[in-house]
Amino acid sequence: MNIKDKYLIYESESLLSALKRLNEFGSSDSLTLFVINNQAQLVGTLTDGDIRRQLVNNCPLSSSLHKIMHSNFRYLQQGKINIQKLHQYKEEEITLIPILDENKHIVDIINLKTHRSYLPIDAVLMAGGKGERLRPLTENTPKPLLKVGNKAIIDYNVERLILYGVKNISVTVNYLKEQLEEHFSKPILSTQINCVREPQFLGTIGSLKFVTKFHNDIILVMNSDLFTNINYEDFYLHFIEHNADMSVACVPYTVPIPYGIFELDGRIIKGIQEKPTYHFYANAGIYLIKKNLLSKIPENKFFNATDFIETLIKEKMKVIRFPLTGYWIDIGKHEEYDKAQELVKHLN
């Protein structure tokens, strides 16, 4: 029985049948049943608390669920996922939320005990690089498969995307591609990862052209060798709130100057800034992009994400920055790899 069928029960079944079904659930399961009719349409819900209240009121165990279910149920619409409404359901402490198609059939169920969100995006992780700065570690192992703690670097990113409800994840591969393809030959947390071969090295976003199918209108693109706890839901909501064409996740970068700096007008000293500190934002290698803009990526040409950003800026598109809080490490050199190894020891 898959996770969706586990929570389904027909409206013609009895209160006793519902009680028996819930009694089979484990301690981590949400004690909720979704009541469907003979056409498999959702018509109501029933919780453990509902059943207890019916029993206290001397409701017969033979009673049909049609008579006692809640017909005013919460749900989200397939293809029109409203994250704000999902937040509302969280506040109401609803842990299971059905996703319905236009005919009220359940196509998926969000379990907020195990997932943080249900983002309507596709994700593409770039994993084709040679990782030359990490040699000799990458001579026989692609960088994304190097272990941080007891897990491959790329798996932290894949599992975090799944935690936020991302269902469609692709990984573009090139260097030692067979190892990555073997690594993702089996599902990760019940999600099958799609490996896409990059025929030649095409930069940090060029291989996106080889992903043949996207299911959503917003695409998340990221480097696969990042070690970060970015909040993907905040990233997505910020993108929607500002009606952006592209959003670039950025990390704060501070440059302290240990000397007094002259303010000059030619040779003339106009003033002195004593030991100033300058604040910048650095590219974190994580992007949200409207799908229709991917056509601007050239075919079979080396093309970096920064080239794409500059293209959109020249065309007056709305490119915004999203400040990334929490931790972020770009594992490009041995010192960053060592830093990630140390950090993971202190994470739950």
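**Reading packing, sheets and cores**

Colleague: Against which helices and strands do the buried residues of H8 pack?

Modeller: The buried residues of H8 pack against helices H5 (83–91) and H6 (153–163), and against strands S12 (218–223), S14 (246–256), S17 (277–290) and S18 (319–323). Helices (H or I, at least four residues) and strands (E, at least two) are DSSP runs numbered from the N terminus. This is a predicted model, in which local features need pLDDT of at least 70 and side-chain atom pairs count only at pLDDT 80 or more, while totals for chains, interfaces and linings use all residues. Residues are numbered from 1 along each chain as its sequence is written, and side-chain values use heavy atoms, leaving out hydrogens and water.

Colleague: Which residues of H8 are buried?

Modeller: Buried means under 20% relative accessible area, exposed over 50%, and partly exposed in between (1.4 Å probe, protein chains only). In H8 (residues 232–241), Tyr232, Glu233, Phe235, Tyr236, His238 and Phe239 are buried. At the start of H8, a side-chain oxygen of Asn231 lies within 3.0 Å of the backbone nitrogen of Glu233. Such a polar contact is a pair of N or O atoms within 3.5 Å; within protein, one must be able to donate a hydrogen and the other to accept it, and residues adjacent in sequence count only if both atoms are side-chain atoms. Just after H8, Asn243 has a positive phi of about 50°.

Colleague: At what angle do the axes of H5 and H8 cross?

Modeller: Two packed helices are described by the angle and the distance between their axes. The axes of H5 and H8 cross at roughly 135° and come within 11 Å. H5 and H8 are therefore oblique to each other. On the H5 side the contact involves Ile83, Gln84, Leu86, His87 and Lys90, and on the H8 side Glu233, Tyr236 and Leu237. Contact means heavy atoms within 4.5 Å.

Colleague: How many residues of strand S7 are buried?

Modeller: In S7 (residues 122–127), 6 of its 6 residues are buried. Both faces are covered, with Asp122, Val124 and Met126 on one side and Ala123, Leu125 and Ala127 on the other. S7 runs parallel to S12, joined by 5 bridges, and Asp122 has Ile219 of S12 as its bridge partner. S7 also runs parallel to S10 (residues 168–173), through 6 bridges; there Val124 is partnered by Ser170. Two strands pair if DSSP finds at least two bridges between them.

Colleague: In what order do the strands of the open sheet stand?

Modeller: The order is S4-S5-S6, and the pairing of these 3 strands is mixed. S4 (76–77) and S6 (106–111) are at the edges with a single partner strand each, so one side of each lacks a neighbour in the sheet. S5 (residues 96–100) and S6 run antiparallel, joined by 5 bridges, and Leu100 stands opposite Ile106 in S6.

Colleague: Which residues have the most contacts inside the largest nonpolar core?

Modeller: A nonpolar core is a set of buried Ala, Val, Leu, Ile, Met, Phe, Trp, Tyr and Cys residues joined through side-chain atoms within 4.5 Å. The largest has 48 residues, and those with the most contacts inside it are Ile154, Val158, Leu161, Ile169, Leu220, Tyr232 and Ile286. A second, separate core of 24 residues includes Leu8, Val43, Met69 and Ile106.

Definitions and conventions:
Axes are lines fitted to C-alpha atoms, for helices over the stretch in contact, and angles run from 0 to 180 degrees between N-to-C directions. Angles under 35 degrees count as roughly parallel, over 145 as roughly antiparallel, 65 to 115 as roughly perpendicular and the rest as oblique.
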